[in-house]
Amino acid sequence: MSALLLRALLLATLALAGAVASASQPSSGEDKATLNFVNADIASVVKAVGAHTGKNFIVDPRVQGTVNVVSEKPVPKDLLYPMLLSVLRTQGFAALETGDGFVRIVPEADAKTQSTPVGDAAGKARGERMVTRVFILQNESAPQLVAAIRPLVPPNNFLAAYPGNNAIIITDYAENVRRVEAVIRAIDQPSSTEPQLIALKHASAIDVAQVLRSVVPETAANASTPGASPRVSLGVDARTNSLILRSDSPALAERIRALAAGLDVPGAGAGNIHVVHLRNAEAERIADVLRGLLSGERVTRTAAAPASSPAPTTPGSNAPMGGATQAATLSAPAAPASIIQAYPPTNSLLITAPEPTYRSLRAVIDKLDVRRAQVLVEALIVEVQTGRSAEVGVQFQGLSGLNRDGRQIIGGTNFSTSPSATTSPGTNIVGLAQNLATLGTGLNVGVVNGTVRIPGPNGTSIEVLNLGLLARALQGDANVNVLSTPNVLTLDNEEAKLLVGQNVPFITGSYTPSATSATNPFQTIERKDIGLTLRVRPQITEAGTVKLGIFQEVSSISRDATVKGADLITNKRALESTVLVDDGQIIVLGGLIQDDQQASIDKVPLLGDIPFIGSFFKYESRSSKKTNLMVFLRPHVLRDGPSARALTSERYDYIRGLQGTMGSDANLLLPAVPPQQLPPIGK
């Protein structure tokens, strides 16, 4: 044993002797001891404390080192054990109390994984004892709170969160765990107080809530931002005519309760006049509903709308809808008379009714005055047409003998070919001889032998080509692809109409006076819309589907050149239906699939039937036309402002992109022309 160890043992022995001497002389009625250790071995200090406290210690072989303990004055013996725990903590060791009455001294790292007090025993522990505590959080999130209290727990001690039951687990010294517990309890508080119910006896809870929201700035939506006043949540229960209040600040909640109590007083009289400003609904329609609700029957107006414009009528009734000059006095059974009047300039309702009746009406108004959804209806009209035609034939004539005297023979073949011998005379050999400019399309091969004169009108004669032979061949293909996408946006259950076309005049009659009459001649004309028409009324169901009543029409003027004036012909395709469509789903409404084939043969009898040679005595034409027309529909429900703004921004940017391609580059003679674009939608 080294000299240093002998010296430490000698000092310990002297200290123990002094402590025993002090114990034999009571001071102030307590047993005290004086401990002085300088560079003493830990085992010696543990042994000395055990001698004074009567505790049995088991020291782990890894517990080694020296400590310094200086006690200038005697200390009570019940403080010696806590003092030893503090000394051990400074050296990285801890004491574990087992159930058999022994105290084990082990390294701190092992103490966290062995029998430390847990639960109630850990809560009662004090001082430098290693304990394990579990804290169940009621309001805050355990993983988030662990990050906040991590600096309070030494890195070598255990701290973790268990999200399963929102718990925090800590293994640390008892005193530090108690400090962390105080921090956890201070943070784990409800975000706001419990909801409070404020029952009103006289005033309408809906009206009082609107007044409070206008005068209490803490109810604003931005009150929850950092640095702002405490947030106040204010709800209304119309059934019980009560306010539901929830606030972070008890003082603020009390102030709102006082304001509500001050507003909850009886009105000035039995027939109070109330003004209700509507946010979304139309005052005239709400007034009609409330009048019918009170009377239980259809409302009869006492005054008509101004004569300058016809007033709209209620569906199923010839009576105009209520306006600023319209009022109805209704007598509900067993209730005083109530007056409901609409004021369109401010979209408001004026209600004169007893307080109980007004509160009931106010609850109905609040449920009806809601933002209505909008529906964008996209109609896709796709028309694909393909056509093929072919013509082949030979015509000939012999007119060379017309200018000779005597009996001569003339003849030939002359077919009335497509489209018509009267409208296009150049398609047959006789018409072409008279006017070469009317030569038909396709391959035309003919033989001309000078000119001949033939009798004309009024005894005159005209000179025409002596066309002896005409052979024609024609083949044509036509493809048409028409795509129309009319779009219309309307409110839920409101009809919208879209018309893209022309207003065309049609002659419906005429009058021509006699020669002796001085009356001016005239014609009667009726104008009709020709083009694309779309009428739609969407109705959004509770399930989210859209019921659509739709009328679609595509009309055009016939291109037949023979039809003029009063004989104009219009082509028309119309569809009227009611369908049920999911939001964003494409559905086919109807269509037309048409296949038209035509064939005609003009030939000379017998000669046209001879094989091979018969081809010179006939004219054949064939045509085939296929038409495919389909109408598709797709509704989009827009329930809020951001949805409508996103749709508008998308279509607006699309148009701006098209405008950006409409500029002209500079050339040798003309300067460049920049495209003219709409401003960005944000400006």
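A charge sits over a ring if NZ of Lys or CZ of Arg is within 6 Å of the ring centre and within 35 degrees of the ring normal. Here, Lys 528 has its charged end over the ring of Phe 506, 5.7 Å from the ring's centre. What about aromatic pairs, meaning rings of Phe, Tyr and Trp (its six-membered ring) whose centres lie within 6.5 Å? Searching the whole structure turns up 0 of them.

A word on what you're looking at: this is a predicted model, where local features need pLDDT of at least 70, side-chain atom pairs count only at pLDDT 80 or more, and totals for chains, interfaces and linings use all residues. Residues are numbered from 1 along each chain as its sequence is written, and side-chain values use heavy atoms, with hydrogens and water left out.

Now for the nonpolar cores. Such a core is a set of buried Ala, Val, Leu, Ile, Met, Phe, Trp, Tyr and Cys residues joined through side-chain atoms within 4.5 Å, where buried means under 20% relative accessible area with a 1.4 Å probe, protein chains only. The largest one has 24 residues, and Phe 37, Ile 42, Val 45, Val 49, Phe 57, Leu 84 and Ile 105 touch the most other members. Elements giving at least two residues each to this core include helix H2 (42–53) and helix H3 (80–90); helices here are DSSP runs (H or I, at least four residues) and strands are too (E, at least two), numbered from the N terminus. H3 gives the largest share, 6 residues. Another core lies apart from it, with 22 residues, including Ile 540 and Leu 633.

On a 1 Å grid over the protein atoms alone, a pocket is an open set of points with protein on both sides within 12 Å along at least five of seven lines, while a cavity is a set where a 1.4 Å probe fits but cannot get out; lining residues have an atom within 4 Å of a point. The largest pocket holds about 1,000 Å³. Of its 27 lining residues, Glu 383, Gln 385, Ser 556, Asn 571 and Arg 573 lie nearest the centre.

How many cavities of 30 Å³ or more are there? The count is 2. The largest has a volume of about 40 Å³, and H11 (355–368) gives the largest share of its lining, 3 residues. H11 also gives the largest share, 3 residues, to the lining of the second largest cavity.

Note on methods. Points joined across faces, edges and corners; volume = space filled by probe spheres on them. Buried < 20%, exposed > 50% of the residue type's maximum accessible area, 1.4 Å probe, protein only. Phe/Tyr/Trp six-rings, centres within 6.5 Å; stacked < 30°, edge-to-face > 60°.
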